[in-house]
Amino acid sequence: MKNFKGIVKFIINNTKNPKVKGKTMETTVFKDNTINFYCSCTGNTKETATQMVYDTNEETIKCPHCNKHADQMLETLTQYNERKDNERKEREAKIKLNVVEVNYDWETGIHYYALNKRIDYDDWKKVKQYFQYYTFGDWVDCEPTGQKTGWMTRQPNEVKKALGITE
Ligand SMILES: [Zn+2]
């Protein structure tokens with residue numbers, strides 16, 4: 001499975017394929033800008049057809065062989081990513097910032113905490129000193145529960161104080 005970059009929506013009219021012509025289509029764009037969409041200019045089977053690509057300059061899908069392209073982009077990669085970003089921001093804006101317990105190491109009795117949403121860089125600078133970045137390798141000899149990777153702190157009260165979180 002190649003890396004996911006986004007989803008684009010488009011309409012192609014300049015095609016003979018009745019399944020595609022004039023219809024709203026959606027396809028995944030991968031990190032290498034290839035898409036799950038094929039042009040039949042070189043053949044009709046998956047082996048012979050040409051895999052189309054997403055042109056990031058023109059923000060359209062294209063066949064690198066015959067230059068066939070979308071007649072209308074209903075949502076470009078940039079628009080998709082902006083929409084997803086805004087949706088995430090809206091979701092996060094509804095959550096009140098807090099420090100929540102995400103892990104407990106029963107062998108050491110240590111509790112680990114994390115922030116429940118992203119904070120901006122100015123706030124992060126105030127609390128970064130209390131956080132450590134954990135990876136799976138940090139948990140070799142114990143069986144932590146919950147969050148296993150990412151920024152965590154063992155000093156929730158200091159973090160709350162620095163960020164002005166009151167409950
Ligand atoms: Zn083509």
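Which residue ranges does the domain assignment of the protein give for domain 1 and domain 2?

## Domain organisation

The model discussed here is predicted. Its domain assignment places residues 4-91 in domain 1 and residues 99-163 in domain 2. The centres of domain 1 and domain 2, taken over C-alpha atoms, are separated by 40 Å.

## Secondary structure and overall dimensions

The protein contains ten strands and three helices. Their order along the sequence is β-β-β-β-β-β-α-β-β-α-β-β-α. For 167 residues the globule rule gives 15 Å, whereas the radius of gyration of the protein is 24 Å, well over that value, so the protein is more spread out than a compact globule.

The C-alpha trace spans about 65 × 35 × 25 Å along the principal axes of the protein.

## Burial and contacts

Residues that count as buried make up 14% of the 167 residues of the protein. A residue is counted in this class if 20 or more other C-beta atoms lie within 10 Å of its own.

Among contacts in the protein with a separation of 6 or more, 46% are between residues 24 or more positions apart.

## Helix H1

Helix H1 comprises 17 residues, running through residues 77-93. From its first C-alpha to its last, H1 reaches 24 Å, which is close to the 24 Å expected at 1.5 Å a residue. H1 is hardly covered, with one buried residue among its 17 residues.

Terms used
Residues are numbered from 1 along each chain as its sequence is written. This is a predicted model: local features need pLDDT of at least 70, side-chain atom pairs count only at pLDDT 80 or more; totals for chains, interfaces and linings use all residues. Helices (H or I, at least four residues) and strands (E, at least two) are DSSP runs, numbered from the N terminus. The expected span of a helix is 1.5 Å times one less than its number of residues. A residue is buried if 20 or more other C-beta atoms lie within 10 Å of its own, exposed if 12 or fewer, and partly exposed in between; C-beta atoms are placed from the backbone. The radius of gyration is taken over C-alpha atoms; the globule rule is 2.2 Å times the number of residues to the power 0.38. Two residues are in contact if their C-beta atoms, placed from the backbone, lie within 7 Å. Domain bounds come from an automatic or database domain assignment.
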